Amino acid sequence: MDWKSEIDLAAGRIAGHTVITPVMMSDALWDRPVMLKLEQLQHTGSFKARGAFNTLRAVVVPEGGVVAASGGNHGAAVAFAAHRLGHKARIFVPEIAGPAKIALIERSGADLTVVPGEYADALDMARRFEAERGAMQVHAYDAALTVAGQGTLMREWEAQGLEADTVLIAVGGGGLIAGALAWTQGARRIVAVEPETCAALNAALIAGEPVDGPVSGVAANALGARRIGSICFDLARAQAIPSVTVPDAAIVEAQRALWQSHRLLVEPAGACALAALRCGAYVPEPDERVAVLVCGGNIAPDPLG
């Protein structure tokens, strides 16, 4: 697939529908300056709006509307995009999505079903709904239109003057980092960062293929995919990217650092990539220029209710 062309097309489709999120340099978060892209300022509080708008604007949505399974952020983005574009939406989320993300989806006006279990259980129910109602499935991470939409983030960041040699990106199912890999095509080092308690990409790279793994921990409602997406796995393996894991304590500490240093309020997933720098899971070379993607801000509980 010509990913560059697909991402260029995606950028055209989502223009005017998504936020061009800001970037900043910080000298307060690590022992030398690090660039941040603040994607938690995107519509619905995460990068997911990019893939959602690209998908819904690239296809003819059926009469049955759209359906999505989500740990929370993807569902909110699909609900938001569907509402803006005039489509009905049914969203399935697991209980671990938490009240803040569930409330965010409810405010969008979409039909919402909370499913016992984890993301994989919500996906099973979404697939049944798709078959029964003729709705269009909008996959959270393992679909070309989703990945191309997420790839617009890295395209946008480079247009904003990204000079880093290395970009650290948190990984759940893999749609975001797949989009980054598809756009950069090896021109920059992309480092995958996952919680120790849900590390689907790391497990797949060790096993040589996607495998099922455990899902738990503070970031499970955003990064809790049981199995990495095949698109992400293929791109990550082809580019032989570094993959590191971080403990929950380091993620929480990075959350606090973002708040205390810059009043940036982010969810655990949004702080996961920074945690790899701060706890030493990823150690750059002395002259290596490093950037961190802050990917989500839907903290639970919602601090303003």
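**A chat about strands**

Guide: One spot to begin with is Lys37, which sits in strand β2 (residues 34-38). Keep in mind that this is a predicted model.

Visitor: Is Lys37 buried or exposed?
Guide: Lys37 is buried, because its relative accessible area is 0%, and the cut-off for buried is under 20%.

Visitor: What does the side chain of Lys37 make a polar contact with?
Guide: With the side chain of Gln160, at 2.8 Å.

Visitor: Which strand does β2 pair with over four bridges?
Guide: That is β10, and the two run in the parallel sense. Leu38 stands opposite Val294 in β10. Strand β7 (residues 166-170) is parallel to β10 too, joined by three bridges, with Thr166 opposite Val290.

Visitor: Why is β10 largely enclosed by the rest of the structure?
Guide: Because five of the five residues in β10 (residues 290-294) are buried. Val290, Val292 and Val294 point one way, while Ala291 and Leu293 point the other way. In general, side chains in a regular strand alternate between the two faces of the sheet.

Visitor: New topic! What is the order of strands in the open sheet of four?
Guide: The order is β5-β4-β3-β6, with parallel pairing. The edge strands, β5 (111-115) and β6 (136-137), each pair on one side only.

Visitor: And which helix packs on that sheet?
Guide: Helix α4 (residues 99-107) does, touching β4 and β5. The direction of α4 makes about 160° with that of β5.

Conventions
Residues numbered from 1 in each chain as written. Predicted model: local features only at pLDDT ≥ 70, side-chain atom pairs only at ≥ 80, totals over all residues. Heavy atoms only, no water. Pairing = 2+ DSSP bridges. Contact = heavy atoms within 4.5 Å. Axes fitted to C-alpha atoms, helices over the stretch in contact; angles between N-to-C directions. Buried < 20%, exposed > 50% of the residue type's maximum accessible area, 1.4 Å probe, protein only. Polar contact = N/O pair within 3.5 Å; in protein donor to acceptor, adjacent residues only side chain to side chain.
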